[in-house]
Amino acid sequence: MAENITSMPAALDDDQRVRQYIERLADLRSTGVTRVNDLKQQITATKKSKMLSDETKAKMIEDCRKQISLAQADAAAHKAEIDALTKEAVAYVNQVSSGIEKRVNEVEGANIARFKEEYKAKVAAIREESAKRISAVTISDPKARKDEIQQIRYEEKSSLFDAKSHFTTQVDRAKANRNQAYVDHVQTNRTLRNGKTKFKEDMTLKWKDYVNRFKVSTFLLNNGLYLAVLIFFIVCVVVAPMQGRGQLLSLPNILTILEQSSTRMFYAMGVAGLILLAGTDLSVGRMVALGSVTTGLLLHRGTNIVRVFGAEAWNFDAIPMGLRVIMALVISIILCVAFSSFAGFFTAKLKIHPFISTMSTQLIIYGLLFFGTSGTPTGSIDSGIKDLLGGRWELGIVNGQLITFPKLIIPAILACLVAWFIWNKTTFGKNMYAVGGNSEAAAVSGISVFKVTMGVFIMAGIFYGCGAFLEAFRANASAGTGQGYETDAIAACVVGGISFNGGIGKITGAMFGVIIFTGLTYCLTFLGIDTNLQFVFKGAIIIAAVALDSVKYLKKK
């Protein structure tokens with residue numbers, strides 16, 4: 001086996017047969033598949049061209065389509081030969097690459113072992129040299145002697161740091177070489193398959209890259225908080241039965257946590273965008289109250305018990321319930337977007353920090369709600385529509401217990417999908433990261449910082465309005481509804497890895513952050529922990545999350 005390995009080329013690029021496969025496949029595809037792709041790109045470029053008349057564009061596009069038909073016929077004629085040759089070439093590359101990768105792993109493994117020995121020897125030599133220099137110091141003056149020894153110690157630490165940096169660089173380079181062998185393997189196969197990927201190859205590539213880049217310190221820095229929370233949950237699961245409180249990790253409890261997370265998910269989706277822009281939003285709780293009170297007033301059966309700004313009590317029974325539901329959702333969104341845009345304008349136009357602009361909005365909404373409703377709850381909404389939109393589906397009986405599925409989970413999932421799409425698949429989402437990372441650089445590159453900032457505030461208002469609408473299905477709404485929700489939403493985003501430094505984080509992190517934070521609160525309540533002490537746990541998690549984020553940011557600078 002050793003003879004076979006040593007007889008193989010140093011890299012796939014050096015293998016003559018691999019080059020022949022690539023050249024032959026490229027030649028077969030040149031007048032077929034490749035030609036089709038080139039012509040399609042040409043059509044797209046022609047459509048976007050502003051230098052051509054509509055008549056010329058139509059003629060060029062028609063000509064390209066005729067050529068595409070010919071190229072597709074050529075591709076069909078050579079398909080069997082291309083497929084067979086591709087299969088043969090990939091099999092050969094897999095065989096050759098296994099030998100190359102094994103040899104590279106052996107060589108770089110030996111190099112890493114040698115680097116470690118050299119590093120240990122270097123460290124020992126530096127410390128020995130420092131000890132000799134210290135023992136050779138003959139200065140009689142105590143202060144001068146101390147200064148001299150401190151200088152030697154400083155030089156020793158500097159030399160040790162340089163030695164470790166050199167060692168780390170050597171090891172990282174060796175691991176990168178080891179990883180590159182498989183990267184070349186996958187890239188060659190993709191070239192042979194005309195850009196097509198394989199799931200197994202992609203997963204293996206990600207795994208090898210993770211293993212080669214893995215460092216315990218980095219792993220703990222990135223995941224230490226999650227590990228701590230996981231340990232806490234495990235402790236809660238173990239302790240709960242001991243206290244006679246039942247099984248915490250049961251399907252009904254999990255569904256309850258998800259139900260409590262459902263409306264909070266909307267608030268986190270909204271505030272996440274502002275944190276990505278290195279801002280925040282203190283008005284979330286008041287937005288929730290605003291939308292919930294509006295929904296409660298419109299969907300209340302009979303005459304409302306709240307007299308808005310002293311006016312006569314309202315009764316909306318004459319309006320069809322379906323229309324009232326639409327009105328409640330739309331008005332809730334409009335009101336939240338209006339106030340969110342109000343705060344966003346001052347931030348985007350006058351560069352006022354969102355902390356100030358949203359705090360002002362919070363106070364305005366708070367005052368208007370309490371003055372307009374006197375703090376009186378709106379009362380429960382119509383029971384029929386409450387059960388239809390905010391109730392539960394009966395799934396059946398499991399182990400003698402009725403299992404029900406909360407309906408509010410469905411709109412929360414839809415909100416997450418929409419937010420994920422905006423963040424990851426739209427130009428606006430990419431611009432959010434650009435503005436959050438460096439607004440000045442984004443402006444220079446042609447991105448309108450004002451429009452992106454306003455867009456984020458408007459998007460937040462839409463999420464708040466939808467969440468506030470659904471919040472009314474959970475409890476009787478009043479001006480005090482949503483108290484403290486802003487801290488929960490912000491904390492969920494921070495726990496989920498969205499950095500206050502801006503431009504860093506994923507929307508999926510905010511989603512998991514909501515579930516983690518809601519689950520934490522549920523576990524503490526389940527164990528009978530005093531509500532006031534729960535704030536201590538929340539505060540500790542928030543400061544820990546922000547501290548870890550700050551450490552990661554400082555390490556990158």
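# A tour of the predicted model

Start by selecting residues 61-95, which the UniProt annotation "coiled-coil region" (unreviewed entry) covers. UniProt positions are given here in the numbering of this model, feature names are shortened, and annotations may be inferred rather than shown by experiment. The chain over residues 61-95 is 100% helix and 0% strand, with its end C-alpha atoms 45 Å apart. Helices (DSSP runs of H or I, at least four residues) and strands (runs of E, at least two) are numbered from the N terminus.

This is a predicted model, in which local features need pLDDT of at least 70 and side-chain atom pairs count only at pLDDT 80 or more, while totals for chains, interfaces and linings use all residues. Residues are numbered from 1 along each chain as its sequence is written, and side-chain values use heavy atoms, with hydrogens and water left out.

**Colour by confidence**

Colour the chain by pLDDT, the predictor's confidence in each residue, from 0 to 100. The chain averages 89, and 97% of the residues score at least 70. Where pLDDT is low, the predicted coordinates should not be read in detail.

**Arginine 17 and tyrosine 92**

Show the side chains of arginine 17 and tyrosine 92. The charged end of arginine 17 sits over the ring of tyrosine 92, at 4.2 Å from its centre. A charge sits over a ring if NZ of Lys or CZ of Arg is within 6 Å of the ring centre and within 35 degrees of the ring normal.

**Along H5**

Select helix H5 (residues 142-192). Its 51 residues should span 75 Å at 1.5 Å a residue, and the end C-alpha atoms are 74 Å apart, which agrees. The expected span is 1.5 Å times one less than the number of residues.

Within H5, pick asparagine 179. Asparagine 179 counts as buried because its relative accessibility is 9%; buried means under 20% relative accessible area, exposed over 50%, and partly exposed in between (1.4 Å probe, protein chains only). Leaving out residues up to four places away in sequence, asparagine 179 touches Lys208, Asp209 and Asn212. Lysine 208 also lies over the face of tyrosine 182, 5.3 Å from the ring centre.

Just after H5 comes asparagine 194, with a positive phi of about 60°. Asparagine 194 is in the loop between H5 and helix H6 (199-213) and counts as partly exposed at 35% relative accessibility. Most residues other than glycine have a negative phi. For a second case, select alanine 278, which has a positive phi of about 65° although it is not a glycine. Alanine 278 lies in the loop between helix H8 (251-276) and helix H9 (284-299), and is partly exposed with a relative accessible area of 31%.

**Aromatic rings**

How many aromatic pairs does the structure hold? There are 17, where rings of Phe, Tyr and Trp (its six-membered ring) pair if their centres lie within 6.5 Å; planes under 30 degrees apart count as stacked, over 60 as edge-to-face and the rest as tilted. Phenylalanine 232 and phenylalanine 537 have ring centres 6.1 Å apart and planes at 45°, so this pair is tilted. Phenylalanine 232 lies in helix H7 (residues 216-242) and phenylalanine 537 in helix H19 (residues 531-556), so the pair ties together parts 305 residues apart in sequence. Phenylalanine 537 is partly exposed, with a relative accessible area of 34%. Next, select Trp207, Tyr210, Phe214 and Phe219, which ring pairs link into a cluster.

**Annotated transmembrane regions**

UniProt lists several residue ranges as "transmembrane region" (unreviewed entry), among them 264-284 and 443-464. Over residues 264-284 the chain is 67% helix and 0% strand, with end C-alpha atoms 10 Å apart. Over residues 443-464 the chain is 82% helix and 0% strand, and the end C-alpha atoms are 28 Å apart.

Return to H16: 18 of its 23 residues are buried, and the helix is mostly covered. Its 23 residues should span 33 Å at 1.5 Å a residue, and the end C-alpha atoms are 32 Å apart, which agrees.

**Last stop: arginine 324**

Select arginine 324 in helix H10 (residues 321-350). Is arginine 324 buried or exposed? Arginine 324 is buried, with a relative accessible area of 3%. Its C-alpha atom is separated by 6.3 Å from that of leucine 298, 26 residues apart along the chain. Not counting residues up to four places away in sequence, arginine 324 touches Leu298, Leu299, His300, Phe316, Asp317 and Ile319.

Note on methods
Contact = heavy atoms within 4.5 Å.
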